[in-house]
There are 2 protein chains.
Amino acid sequence: MTVDVYRLHAQVTAWLQASRIHVQDAMRQPLDVATKSNRNDLVTNVDQQNQIFLAEQIQTAYPNAHIEGEEGTADKINRLDGLVFFVDPIDGTMNFVKQRAHFAIMIGVYEDGQPVYGAIMDVMQNAIVAGGPELPARVNDVLLPALPDLALADGLIGVNGPMHAHNRLHIADIALASSGARMSGSAGMEFMEIAQNRQLGYISFLKPWDVAAGMAIVSGQGVVVTRPDGGPIDLLNAGLVVAATPKAHQEILTWMQTN
Amino acid sequence: MTVDVYRLHAQVTAWLQASRIHVQDAMRQPLDVATKSNRNDLVTNVDQQNQIFLAEQIQTAYPNAHIEGEEGTADKINRLDGLVFFVDPIDGTMNFVKQRAHFAIMIGVYEDGQPVYGAIMDVMQNAIVAGGPELPARVNDVLLPALPDLALADGLIGVNGPMHAHNRLHIADIALASSGARMSGSAGMEFMEIAQNRQLGYISFLKPWDVAAGMAIVSGQGVVVTRPDGGPIDLLNAGLVVAATPKAHQEILTWMQTN
């Protein structure tokens, strides 16, 4: 790894704190909300402004890095070599618009396709969960305890609403076999819960910038993150993501491979 | 109404603040967890201790009141005349046990079956939402703005996990027709979201102490709270609860009456 991860963590923390002030300032004005792929896929002026701000910070500090972001001001990457920053300037845009709460800013950093670092900020709670393979997971720089390897019956699981409604890949059955399903509307919130031992896992359909930060953090804590067939997450494409403690992950994959 | 609701609010606020200290002290010790009706219906020593504490406060301040509480130290009421306090000492016990977050303490007060007052405390956030027909809804005594009468498509809705998994009463269909489903695992958290205009409603199967406080608060804000057939909530029995803005409530009842 060519990156100094502690220096990177200090930089990203400062960027997120500045982003938070910009976002909260912008929330005092009326939002400009548009739909993307469907009526529940939203983007706002705040998403776009924050993407530009974060891209500028990354380009200044890491001029050779590529940037893959939700709101299009970034490069459209088609290869993962070198240093890549995955940016989600507002994760949980529906919550941002409808609740003014429960949304995140996420930055995931990978080098040659391998995780280096992830950071997720819960903006309204002013909390940052960060970590990676060489940076122990932490919340606001308080180290998090090791995660227990919970079986599916022994913990809560975050699920995607429409997939749960349609029992796609047995997700409703899997949720019923757990201690309970939870749905927050933000991938970032879900990975924060996993990192803090409040959920044993999360199952959803995610874009690269939805999963990159969380995967870098929780895989460093021993959580297994794969596609439903057990294959690795491809950070060039959207797809289904199963993140769970090793025991529960195996149970979930067995469910998903059942007809 | 024979109760001074502002005096009652001051008393309940003080009791909840004292409860919060006791609960957080108890969380530093190992929990004693037992199951009730099924493996996901939990009770802990903390639920029981807090029920005793709150019942003592209520009995001292309102010696003629009846108390209906989740954890059995209270009266088992079979009539609603006079003053009745509904107490949930820990709402969201699964979250309390598994997450150490996202749980509530709730007190709902009714006189001759009519709502007088409700208060819900998010213990870890140290936030109290309170209100009633003669006490404007507030969070930590900051008044909440009037709620817009959102249609189902224009807001998020809290749902019960197993009912959503089984599409019972079209709940999964209703969630898909909304802006999105949310599942928190705590009725108290759901009613706090409604009161703060973060969700347009909540559908679940609830015991009297799960619904009493929330119904007193949000019905004072214009939210409609009924059974699926449109009939009133019976606070002597558990049952299905549909709480939603008037427009969305009508849409939900139409869905539920479809075969």
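Student: Which residues in α2(A) are buried?
Tutor: In this predicted model, the buried residues of α2(A) are Asn45(A), Val46(A), Asp47(A), Asn50(A), Gln51(A), Phe53(A), Leu54(A), Ala55(A) and Ile58(A). They pack against α1 (5-26), β2 (42-44), β3 (66-69), β4 (83-91), α3 (93-99) and β5 (104-111) of chain A.

Student: How do you know that the span of helix α2 of chain A is close to that expected?
Tutor: The helix covers residues 45-61, 17 residues, and reaches 25 Å from its first C-alpha to its last. At 1.5 Å a residue, 24 Å is expected, and the computed span is close to that value.

Student: What makes Thr44(A) a cap of α2(A)?
Tutor: A side-chain oxygen of Thr44(A) lies 3.0 Å from the backbone nitrogen of Val46(A), at the N-terminal end of the helix. A polar contact requires N or O atoms within 3.5 Å.

Student: Why is Ile90(A) called buried?
Tutor: Its relative accessibility is 0%; buried means under 20%, so Ile90(A) counts as buried. Ile90(A) is in strand β4 of chain A, and UniProt, in an unreviewed entry, places the feature "binding site" there. Beyond neighbours within four places in sequence, its contacts include Val46(A) and Asp47(A).

Student: What relates chain A to chain B?
Tutor: A rotation of 180° with 0.0 Å of shift along its axis superposes chain A on chain B, with an RMSD of 0.0 Å. That is the relation of a two-fold axis. In chain A, the C-alpha nearest the axis belongs to Met183(A), 2.4 Å from it.

Methods:
Residues are numbered from 1 along each chain as its sequence is written. Chains are lettered from A and ligands numbered from 1 in the order in which they are written. This is a predicted model: local features need pLDDT of at least 70, side-chain atom pairs count only at pLDDT 80 or more; totals for chains, interfaces and linings use all residues. Side-chain values use heavy atoms; hydrogens and water are left out. Helices (H or I, at least four residues) and strands (E, at least two) are DSSP runs, numbered from the N terminus. The expected span of a helix is 1.5 Å times one less than its number of residues. Buried means under 20% relative accessible area, exposed over 50%, partly exposed in between (1.4 Å probe, protein chains only). Contact means heavy atoms within 4.5 Å. A polar contact is a pair of N or O atoms within 3.5 Å; within protein, one must be able to donate a hydrogen and the other to accept it, and residues adjacent in sequence count only if both atoms are side-chain atoms. Copies are superposed by least squares on the C-alpha atoms of residues with pLDDT of at least 70 in both. UniProt positions are given in the numbering used here, feature names are shortened, and annotations may be inferred rather than shown by experiment.
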